[in-house]
Amino acid sequence: MAFEIVFLGSDCDYSRIVLESLIAARIKIAAVWLAGQNLPGLSDSATIQPLLPPNAVVAENDPNSVPLTSTFVQESVLTTTWRNGIPLYGVKRIKAEETSLALKSLAPAVGVVACFPRLVPEPLLSAPRHGFLNVHPSLLPNYRGPAPLFWQFRAGEQRTGVTVHWMDAQFDTGPIAAQRPVPLPDGISEHDATRLMARVGGRLLVEVLQHVAGGELPYRRQPPGGSYQPWPRPEDFAISTEWSARRIFNFMRASAVWGHPYILEIDGHRWLLSDALSWSNYATIEAPFVIQDGLITFRCSPGAVQARLHH
């Protein structure tokens, strides 16, 4: 029996990089499913619908033919999928019976998820022979939820990594197939951290799938406890002088991609900051803060951070 997978993701770098790892390893992909409301060619009434590339040439009367594409400028999940001749579908209603029937008709050995923004319902989880694997950018059971990198940076987490786990009916609670640490350098942006996690996660996923194809199902239950965090709110961008300078700098540099100002309060004064410029865990300043030329330098525990005031 052929070992094929179905890939579920969204049109983002994380999904694209994991997908590229599967393609490079010659994992047979029966189809790619993307979630989203604004995918090109996806009609308003569609439940699940094939997505054809611009200027596609499709064999007459053959709905399963692979569309031919022209050259694309910017890499994305769509262009990667089209260029490699993999059937691509947009999914708007993951819980619909039509979606479940479509997955069962493909009869994949494994479903693979990387940045798919919907909870996969139980009828779909049981459709692949061996179930679903998810590539999650944290060391589970810690930092479950939709934005794990944000919360790891906010917590000043020193121990980071990626988990490939079997999926159950809840978010990020299924048994662990494999984990790998991923050190993150100081000052890295969340965009770059996402790409780094995806590259390591893609390679780890390939290793797990090779074990599964060979008849071995890596499986261990998650330890008790753990944590779940939701999408960040504006108040989650508050920083504290009780944090170390390194933690504040790394959080601000990483989460700048969210576009929210940072809230800083010192001795009854309140400022909004736009971005962090420098830090030192050894620098000291006489006053709790110094403001000059649109910049603020403030004491931390330990060290000091210099940041730009938000206008």
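These legends accompany close-up views of a predicted model. Local features need pLDDT of at least 70 and side-chain atom pairs count only at pLDDT 80 or more, while totals for chains, interfaces and linings use all residues. Residues are numbered from 1 along each chain as its sequence is written, and side-chain values use heavy atoms, with hydrogens and water left out.

**View 1. The largest nonpolar core has 70 residues.** Such a core is a set of buried Ala, Val, Leu, Ile, Met, Phe, Trp, Tyr and Cys residues joined through side-chain atoms within 4.5 Å; buried means under 20% relative accessible area (1.4 Å probe, protein chains only). L22, I239, L273 and F298 have the most contacts inside this core. Helix α6, residues 190–213, gives the most to it, with ten residues (helices are DSSP runs of H or I, at least four residues, numbered from the N terminus). A second, separate core of 18 residues includes L8, W33, V91 and L124.

**View 2. Here is the neighbourhood of I239.** Leaving aside residues up to four places away in sequence, I239 touches I248, F251, M252, Y262, I263, L264, L273 and F298 (contact means heavy atoms within 4.5 Å).

**View 3. Helix α1 covers residues 13–24.** Its buried residues are Y14, S15, R16, I17, V18, L19, S21 and L22. Just after α1, R26 takes a positive phi of about 60°.

**View 4. Take a look at S76, in the loop between β3 (48–50) and α2 (77–83).** S76 is buried, because its relative accessible area is 15%. Not counting residues up to four places away in sequence, S76 touches D11 and R16.

How values were computed:
Buried < 20%, exposed > 50% of the residue type's maximum accessible area, 1.4 Å probe, protein only. Helix = DSSP H or I, 4+ residues; strand = E, 2+ residues; numbered from the N terminus. Expected span 1.5 Å × (residues − 1).
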